[in-house]
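Please keep the structure open while going through the points.

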Amino acid sequence: EIGALPPIGRWDPLKIREQGPERYRRFVEMEIKHGRMAMAAVAGVLTTYSGVRLPGYLSRSYDLKFEDVPGTMIGSWSTVPFLGWAQIVFFIVLLEIDIFKQDPDKDPGDVVKDDWIWARYPDGYTVWLGDGSTKTVGEDELFLGKTWKLNAERNNGRAAMMGIAGMLTHELLTGNPVFPIGEA
């Protein structure tokens with residue numbers, strides 16, 4: 001099963017799996033989504049706290065530049081105007097209900113529509129050989145196949161959820177989300 005890896009295996013202290021396949025699938029979908037958001041959040045904190053900012057204005061009406069927003073989570077929550085957060089929430093809702101809506105016929109987390117040129121994990125891909133010909137590499141020939149990638153995504157998401165929770169705790173206790181490292 002994807003996500004059940006040694007040494008823990010399947011960890012289900014709330015017995016969600018026993019509550020039926022629909023409920024269990026919903027929790028798997030939520031774990032993947034939360035993991036993806038946590039990975040983006042950790043990358044965002046590390047990037048902004050290191051001093052990297054977009055050029056220009058975040059809001060001209062508030063005379064707020066990107067460089068004026070602190071690199072901390074709580075600092076950015078209090079600095080960005082309410083309408084800015086409303087736009088972010090609206091965008092995420094749009095992704096959730098339309099653009100990246102989970103199709104119940106697809107695997108959990110596979111939210112990309114079929115007609116897009118990008119695929120989450122294709123079954124194979126085409127390589128160009130030195131003689132000018134091509135060869136299709138199948139899933140069974142891939143060194144880092146689909147199962148490995150799905151497990152890596154799930155575990156990286158789990159680590160990121162713990163990481164962002166730790167960063168928030170550090171910020172609440174010390175004012176520095178990447179404690180003991182100082183700000184750049």
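1. Start with arginine 158. In this predicted model, arginine 158 has 28% relative accessibility and therefore counts as partly exposed. Its salt-bridge partner is glutamate 31, with the closest N and O atoms 2.6 Å apart. The pair links distant parts of the chain: glutamate 31 sits in helix α1, arginine 158 in helix α4, and 127 residues separate them. Glutamate 31 is partly exposed too, at 21% relative accessibility.

2. Another pair involves α1 and α4. Glutamate 153 and arginine 36 form a salt bridge at 2.7 Å, N to O. Glutamate 153 belongs to helix α4 and arginine 36 to helix α1, so this bridge ties together parts 117 residues apart in sequence. Glutamate 153 is buried, because its relative accessibility is 16% and the limit for buried is under 20%. Arginine 36, at 27%, is partly exposed.

3. Glutamate 29 meets arginine 25, and their closest N and O atoms are 2.8 Å apart. They are four residues apart in helix α1, so about one helical turn separates them. Glutamate 29 counts as buried at 9% relative accessibility, whereas arginine 25 is partly exposed at 22%. Shared partners join Arg25, Arg26 and Glu29 into one salt-bridge network. The whole structure has six salt bridges.

4. Look along α1 itself. The helix has 29 residues and spans 41 Å from first C-alpha to last, close to the expected 42 Å. Its buried residues include Tyr24, Val28, Ile32 and Tyr49. Which helices do the buried residues of α1 pack against? They pack against α2 and α4. Glycine 51 follows α1, with a positive phi near 105°.

5. Glutamate 31 and arginine 158 return in the second largest pocket. Both are among the residues nearest its centre, along with Gly3, Trp11 and Asp12. This pocket holds about 660 Å³ and has 24 lining residues. α1 gives the largest share of the lining, six residues. By class, the lining has 15 nonpolar, three polar and six charged residues.

6. Finish with the largest pocket. It holds about 1100 Å³ of space. Of its 32 lining residues, Ser76, Trp77, Val80, Trp85 and Ile88 are closest to the centre. Elements supplying at least two lining residues each are α1, β1, α2, α3 and α4. The lining has 22 nonpolar, nine polar and one charged residues.

Conventions: Residues are numbered from 1 along each chain as its sequence is written. This is a predicted model: local features need pLDDT of at least 70, side-chain atom pairs count only at pLDDT 80 or more; totals for chains, interfaces and linings use all residues. Side-chain values use heavy atoms; hydrogens and water are left out. On a 1 Å grid over the protein atoms alone, a cavity is a set of points where a 1.4 Å probe fits but cannot get out, and a pocket is an open set with protein on both sides within 12 Å along at least five of seven lines; lining residues have an atom within 4 Å of a point. Grid points are joined across faces, edges and corners, and a volume is the space filled by probe spheres set on the points. Ala, Val, Leu, Ile, Met, Phe, Trp, Tyr, Cys and Pro count as nonpolar, Asp, Glu, Lys and Arg as charged, and the others, Gly among them, as polar. The expected span of a helix is 1.5 Å times one less than its number of residues. Buried means under 20% relative accessible area, exposed over 50%, partly exposed in between (1.4 Å probe, protein chains only). Contact means heavy atoms within 4.5 Å. A salt bridge is a side-chain nitrogen of Lys or Arg within 4 Å of a carboxyl oxygen of Asp or Glu.
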